[in-house]
Amino acid sequence: MSTQAERFARCVKKVTKNFRAASLKRGGRSASTARTASTGRSASFSSSDKEGIAIAICTKSILWPQGRTLKHFSMKNGKPHLITQPRKGGRRKTLRQPKK
């Protein structure tokens, strides 16, 4: 059984590897059709941009269903190190009873 950090790291690697710019939207338009104002070339993503997008996708798919959000993530000596915190909306566990 893998830890949450290992699953998160595996997800980030897969999303980064299978990244397609056409599937993302930047400014309401598809990234593949977005044009930069000065050069007229199509928008491209650097490797750090791809990794940031992958972390956001994996946070939503792995951490949010458990009521957690990302605080810190790093890879130390090839091992993932993940620190999470409760989501803002998930802190209230019980409903308040109305006053009588």
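In this predicted model, the buried residues of helix 1 are Ala5, Phe8, Ala9, Cys11 and Val12. Seen down the helix axis, these residues fall within an arc of 160°, so they line one face of helix 1. An α-helix has 3.6 residues a turn, so residues three or four places apart point the same way. On the other side of helix 1, the lysines Lys13, Lys14 and Lys17 are exposed. The buried residues of helix 1 pack against three elements, namely helix 2 (47-63), strand 3 (68-76) and strand 4 (79-86).

A similar description can be given for helix 2. The 17 residues of helix 2 should span 24 Å at 1.5 Å a residue, and the computed distance between its end C-alpha atoms, 23 Å, agrees with this. Within helix 2, the residues that are buried are Ala54, Ile55, Cys58, Thr59, Ile62 and Leu63. These residues cover an arc of only 140° around the axis, which puts them on the same side of helix 2. The buried residues of helix 2 pack against helix 1, strand 3 and strand 4.

The structure holds 1 disulfide, which joins Cys11 to Cys58 with an S to S distance of 2.1 Å. This pair links distant parts of the chain, with Cys11 in helix 1 and Cys58 in helix 2, 47 residues apart. A disulfide is a covalent bond between the sulfur atoms of two cysteines. The torsion about the S-S bond of Cys11 and Cys58 is about -90°, so the disulfide is left-handed. Both Cys11 and Cys58 are buried, and both belong to the largest nonpolar core.

That core is made up of 12 residues in all, which are Ala5, Phe8, Ala9, Cys11, Val12, Ala54, Ile55, Cys58, Ile62, Leu63, Phe73 and Leu82. The elements that give two or more residues to this core are helix 1 and helix 2. One of the core residues, Ala9, touches Phe73, Met75 and Pro80 when residues up to four places away in sequence are not counted.

Thr59, which lies in helix 2, has a relative accessibility of 9% and therefore counts as buried, the limit being under 20%. Leaving aside neighbours within four places in sequence, Thr59 is in contact with Phe8, Trp64, Thr69 and Leu70.

Strand 3 and strand 4 run antiparallel and are joined by 8 bridges. Within this pairing, Leu70 stands opposite Thr84 in strand 4. The hairpin formed by strand 3 and strand 4 has 2 residues between the strands, and Asn77 takes a positive phi near 55° in this hairpin. Ser74, found in strand 3, is buried, with a relative accessible area of 16%. Apart from residues up to four places away in sequence, Ser74 touches Lys79, Pro80 and His81.

Definitions and conventions: Residues numbered from 1 in each chain as written. Predicted model: local features only at pLDDT ≥ 70, side-chain atom pairs only at ≥ 80, totals over all residues. Heavy atoms only, no water. Buried < 20%, exposed > 50% of the residue type's maximum accessible area, 1.4 Å probe, protein only. Helix = DSSP H or I, 4+ residues; strand = E, 2+ residues; numbered from the N terminus. Arc of directions from axis to C-beta. Contact = heavy atoms within 4.5 Å. Expected span 1.5 Å × (residues − 1). Disulfide = S-S within 2.5 Å. Pairing = 2+ DSSP bridges. Core = buried A, V, L, I, M, F, W, Y, C linked by side-chain atoms within 4.5 Å.
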